[in-house]
Amino acid sequence: QVQLVESGGGLVQAGGSLRLSCAASGSSSDIINMGWYRQAPGQLRQVVATILRDGSTNYHGSVKGRFTISRDYTKNILYLEMNSLKPEDTAVYYCNAYGQADWPQTPPQYWGQGTQVTVSS
């Protein structure tokens, strides 16, 4: 089992910065891919950024160039550096992780509890 705990959310002014952290514990060595998702009121959960096992990253178009996802393999922490924040970034941000699985098994998926990010105009 893997446990994910997010931290770093809060209230910031538009144009400000915030750094989210996701600490993984348990069988964290089994984690392959990780990512950040967000969900605003009345909207579906949306992918923000992902980092794959080969180190490649992907970003939603709305955050590309402003957010940076990174992973500390030693400390088992996933980060999301958020710069030039906009009110549209306001949402609950969730940490996500996929574990290992041999084909055709579906890899286990884990979610954090979420952390609120509010950007004032």
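Strands β4 and β9 pair in the antiparallel sense over 7 bridges. The model described here is predicted. Within this pairing, Arg38 has Tyr93 of β9 as its bridge partner.

Strand β4 covers residues 33–39 and is mostly covered, with 6 of its 7 residues buried. β4 also pairs with strand β5 (residues 46–51), again in the antiparallel sense, over 5 bridges. In that pairing Met34 stands opposite Ile51 of β5. The hairpin of β4 and β5 has 6 residues between the strands, and Gly42 there takes a positive phi near 75°.

| Strands | Sense | Bridges |
|---|---|---|
| β4 and β9 | antiparallel | 7 bridges |
| β4 and β5 | antiparallel | 5 bridges |

How many disulfides does a search of the whole structure find? The search finds 1. The disulfide is formed by Cys22 and Cys95, whose sulfur atoms are 2.1 Å apart. Cys22 and Cys95 are both buried.

Ser21 is likewise found in strand β3. Is Ser21 buried or exposed? Ser21 counts as buried because its relative accessibility is 17%, and the cut-off for buried is under 20%. Leaving out residues up to four places away in sequence, Ser21 touches Val5, Glu6, Ser7, Trp36, Ile77, Leu78 and Tyr79.

Note on methods: Residues numbered from 1 in each chain as written. Predicted model: local features only at pLDDT ≥ 70, side-chain atom pairs only at ≥ 80, totals over all residues. Heavy atoms only, no water. Disulfide = S-S within 2.5 Å. Buried < 20%, exposed > 50% of the residue type's maximum accessible area, 1.4 Å probe, protein only. Helix = DSSP H or I, 4+ residues; strand = E, 2+ residues; numbered from the N terminus. Contact = heavy atoms within 4.5 Å. Pairing = 2+ DSSP bridges.
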